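Biologist: I am new to this model and would like to go through it slowly. Could you begin with the terms, and then take my questions one at a time?

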Amino acid sequence: MNEKMSSAELRAGASLAGVLGLRMLGLFIILPVFAVHAPQLSGGDNLTLVGVALGAYGLAQAFLQIPFGMASDHWGRKPVIYAGLAIFAAGSFVAALAGDIWTAIAGRTLQGAGAISSVVVALAADLTREQHRTKTMAMIGATIGFAFALSLVAAPVLYQHIGMGGLFALTGVLCIAAGAVVKGWVPEPPVHARSRPRGAGALREALLAPELIRVNLGIFVLHLVQMAMFVVVPPRLVQSGLPLAVHWHLYLPVVLTSFAIMIPPILYADRRNRPKPVLLGAIVLLIAVQALLAVAGTAVAALAALLVGFFVAFNLLEALLPSLVSRLAPAHARGTAIGVYNTTQTLGLFFGGLLGGWLAKHFGAAAVFAVCATLSLVWLAAAGGMRPLALAVNELSSLTFSIAAGVNLEGLREALAEVRGVREAEVLVLERIARLKVVPGQWDESKVRSLIMGEV
């Protein structure tokens, strides 16, 4: 087995990481400043509505991630990505014109309607081999973490120069740039044989698979914690004596330190194929940080140390979880499964903003951190039952067959998938090859060969 990524796989991973990075930078860049800016908007003194504005795009995405994923399984990844980016850009420009909190909420909701995250991750999975998927998804996850970190550093400075409207307009421009990257840099995905509609069955698999349930719960909690925190963290930093314009003085060293710390555990998880201990360790760190933030005061040094811990945990989990879901999802329903994953992610963003704003308004910042710690503890209990990935994925053998000339490709994928011992089947039309994942010693080799040679 060739352990090196091909140039096409490297190009696919880097370009798609750039696409999601640009888009997520556009989403994240308002987080460090919006809660402080909101009182300047009509109705913006209501913390609950501020939380809704921060998380509103998550609710729209929650409704649309699965339909976008299913649409990409049927019509192709790239056309769906272009449509989603256009919708997101439109929402950005609406929010840029907002003079009241309700228009800001409307713009954020329209941003969320461009629900392409699942499609981008599915396309990355399409363009990479199984043995390199962890690297590719870690690349995408780490880029999202970097976009979040960059937004914390850049947003206060940009806000001073271009204001809130300018930041929203910048998100629209970044989205247009992401579309150009898709057009010019992302390789074309393989053309699969058209299969019979499997929408309900694929959705059922994506919703009910136990290991996918654990991953989906995790991404929900992680992004709920992220959004709830940033309803209260920027105001607390202001209370500690740091004006908004110099928050980047704290965020920059915090973020650089966290990235340096996260590299060894990510390499360990990838090279040893042992993501579970790294995952559990990161969740424990997340719980500890939230618990300590609940009792911490406003001392800048203490806040900085705890934020380092948060970003280490967040960046590790943001890199691990997409890799897990892409490897656990069945190939024929990958877009749908990743759509479910991203739906739970964006629901976390919505409920994090809503819950964080409501708790901060009625019970204070300490209650926000206490609830985040409790929810993270629930996630830890669920993640503890995760099967080692070696049993979940690597017990299967990946095989590639050339399809004989004259064999009708219509329905071939379904026929191969029904053979005893075959767990997944893909048929690539242009290359006339079939890719299978089989259970060693249990698959019906003669049946498979008769199908691809046209002997039945």
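Modeller: Helices (H or I, at least four residues) and strands (E, at least two) are DSSP runs, numbered from the N terminus. The model is predicted, so local features need pLDDT of at least 70 and side-chain atom pairs count only at pLDDT 80 or more, while totals for chains, interfaces and linings use all residues. Residues are numbered from 1 along each chain as its sequence is written, and side-chain values use heavy atoms, with hydrogens and water left out.

Biologist: Is Trp102 buried or exposed?

Modeller: Trp102 belongs to helix α5, which covers residues 101-112. A residue is called buried under 20% relative accessible area, exposed over 50%, and partly exposed in between (1.4 Å probe, protein chains only). Because its relative accessible area is 55%, Trp102 counts as exposed.

Biologist: What separation do the C-alpha atoms of Trp102 and Val52 have?

Modeller: Along the chain, Trp102 and Val52 are 50 residues apart.

Biologist: At which residue does α10 bend?

Modeller: The bend at a residue is the angle between axes fitted to the seven residues ending there and the seven starting there. In α10 this angle is about 30 degrees, and a proline, Pro264, follows within four residues of the bend, which is at Ile263.

Biologist: Which residue takes a positive phi just after α10?

Modeller: Among the buried residues of α10 are Phe259, Met262, Ile266 and Ala269. Just after the helix, a positive phi of about 55 degrees is taken by Asn273.

Biologist: Which residue of β3 is the bridge partner of Leu399?

Modeller: Two strands pair if DSSP finds at least two bridges between them. Strands β1 (residues 397-402) and β3 are antiparallel and share six bridges. Strand β3 (residues 433-438) has five of its six residues buried, and the partner there of Leu399 is Leu436.

Biologist: Which residue in the turn between β2 and β3 has a positive phi?

Modeller: Strand β2 (residues 422-428) also runs antiparallel to β3, joined by six bridges, with Glu424 opposite Lys437. The two strands form a hairpin with four residues between them, and in the turn a positive phi of about 50 degrees belongs to Arg432.

Biologist: How many salt bridges does a search of the whole structure find?

Modeller: A salt bridge is a side-chain nitrogen of Lys or Arg within 4 Å of a carboxyl oxygen of Asp or Glu. One of them joins Glu211 and Arg214 at 3.6 Å, N to O, and another joins Arg449 and Glu445, whose closest N and O atoms are 2.9 Å apart. Arg449 and Glu445 are four residues apart in helix α17, about one turn. For the whole structure, the number found is three.

Biologist: How many residues apart in sequence are the parts that Asp444 and Arg420 tie together?

Modeller: Asp444 forms a salt bridge with Arg420, the closest N and O atoms being 4.0 Å apart. Asp444 lies in the loop between β3 and α17 (445-453) and Arg420 in the loop between α16 (412-417) and β2, so the pair ties together parts whose separation in sequence is 24 residues.
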